Amino acid sequence: CLAAPARFRNASAYNRAHGGLALLIMEKGQIVYEDYLDENPHDLASGTKSFWGPLSIQLKLDEPACQTLTEWRKDPRKASIRISHLLNLTSGLDPGSPSGLLDYREAIAVESIAPPGQTFLYGPNSFQCLGEVLRRKWGDPLKLLQKTLDVRAASWKRTPDGNPGV
């Protein structure tokens with residue numbers, strides 16, 4: 001922090017005083033200043049949800065999820081869930097609890113408690129189901145993240161079956 005260029009010292013001091021762990025300043029797409037208070041890896045936890053959107057660009061948002069999650073074809077409510085419903089948490093699925101993260105296969109088996117597209121229900125299950133769609137289409141979503149978006153992490157929260165947790 002002391003070696004920071006004068007124009008960044010105040011921003012760096014403010015960041016540290018307010019509990020910031022890192023400060024990255026870019027100008028015209030180039031990194032011009034970095035300051036890391038703590039370089040130890042931190043659990044990304046719910047931040048993982050942010051990566052499922054960019055990965056889903058490769059999907060058709062209006063595609064019925066049951067095209068991939070064939071188990072859902074027998075349930076009229078689940079059969080009408082679109083990829084977009086999983087992404088915007090309006091799938092109608094029991095949302096689940098972040099403290100009780102399910103395996104992907106357990107998540108696709110949860111009960112539908114509302115019609116798709118009508119109710120926002122925050123929780124990991126819709127994203128776990130989307131993770132299963134991605135896994136079935138292209139393999140390990142983390143490898144896909146690394147390959148397509150160059151996302152790297154020291155470690156990743158995993159479900160009991162080894163898939164990336166959200």
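How far from aspartate 103 is the nearest side chain of opposite charge? Hold that thought while you set up. The model is predicted, with local features needing pLDDT of at least 70 and side-chain atom pairs counting only at pLDDT 80 or more, while totals for chains, interfaces and linings use all residues. Residues are numbered from 1 along each chain as its sequence is written, and side-chain values use heavy atoms, with hydrogens and water left out.

**Stop 1: aspartate 103**

Select aspartate 103, in the loop between α4 and α5. Helices (H or I, at least four residues) and strands (E, at least two) are DSSP runs, numbered from the N terminus. The nearest side chain of opposite charge belongs to arginine 105, 8.2 Å away. Here Lys and Arg count as positive and Asp and Glu as negative; His and the chain ends are not counted. Aspartate 103 is buried and has no salt bridge. Buried means under 20% relative accessible area, exposed over 50%, and partly exposed in between (1.4 Å probe, protein chains only). A salt bridge needs a side-chain nitrogen of Lys or Arg within 4 Å of a carboxyl oxygen of Asp or Glu. Now show the contacts, meaning heavy atoms within 4.5 Å. Leaving out residues up to four places away in sequence, aspartate 103 touches Thr159, Pro160 and Asp161.

**Stop 2: threonine 90**

Next, pick threonine 90, also placed in the loop between α4 and α5. Threonine 90 is buried, at 13% relative accessible area. Its contacts include His85, Pro115, Gly117 and Phe120, not counting residues up to four places away in sequence.

**Stop 3: the nonpolar core**

Now select Trp52, Trp72, Leu86, Cys129 and Leu130. In the largest nonpolar core, which has 27 residues, these five touch the most other members. Such a core is a set of buried Ala, Val, Leu, Ile, Met, Phe, Trp, Tyr and Cys residues joined through side-chain atoms within 4.5 Å. Color the helices α2 (49-56), α4 (83-87), α5 (104-108), α6 (125-138) and α7 (141-149): each supplies at least two residues of this core. The largest share, five residues, comes from α6. Zoom in on cysteine 129. Not counting residues up to four places away in sequence, cysteine 129 touches Leu69, Trp72, Leu86, Leu93, Ala107 and Ile108.

**Stop 4: the salt bridges**

How many salt bridges does a search of the whole structure find? Six. Side chains of opposite charge can pair when their charged atoms come close.

Start with glutamate 27 and arginine 7, whose side chains meet at 2.9 Å, N to O. Glutamate 27 sits in strand β1 (residues 22-27) and arginine 7 in helix α1 (residues 6-17), so this bridge ties together parts 20 residues apart in sequence. Glutamate 27 is partly exposed at 35% relative accessibility, and arginine 7 is exposed at 58%.

Move to arginine 136 and glutamate 71, bridged at 2.6 Å, N to O. Arginine 136 is in helix α6 and glutamate 71 in the loop between α2 and α3 (76-79), so the pair ties together parts 65 residues apart in sequence.

Finally, select arginine 135 and glutamate 132, bridged at 2.7 Å, N to O. They are three residues apart in helix α6, about one helical turn. Arginine 135 is partly exposed, at 26% relative accessibility, whereas glutamate 132 is buried, at 1%.

Show Glu71, Glu132, Arg135 and Arg136 together: a network of salt bridges links them.
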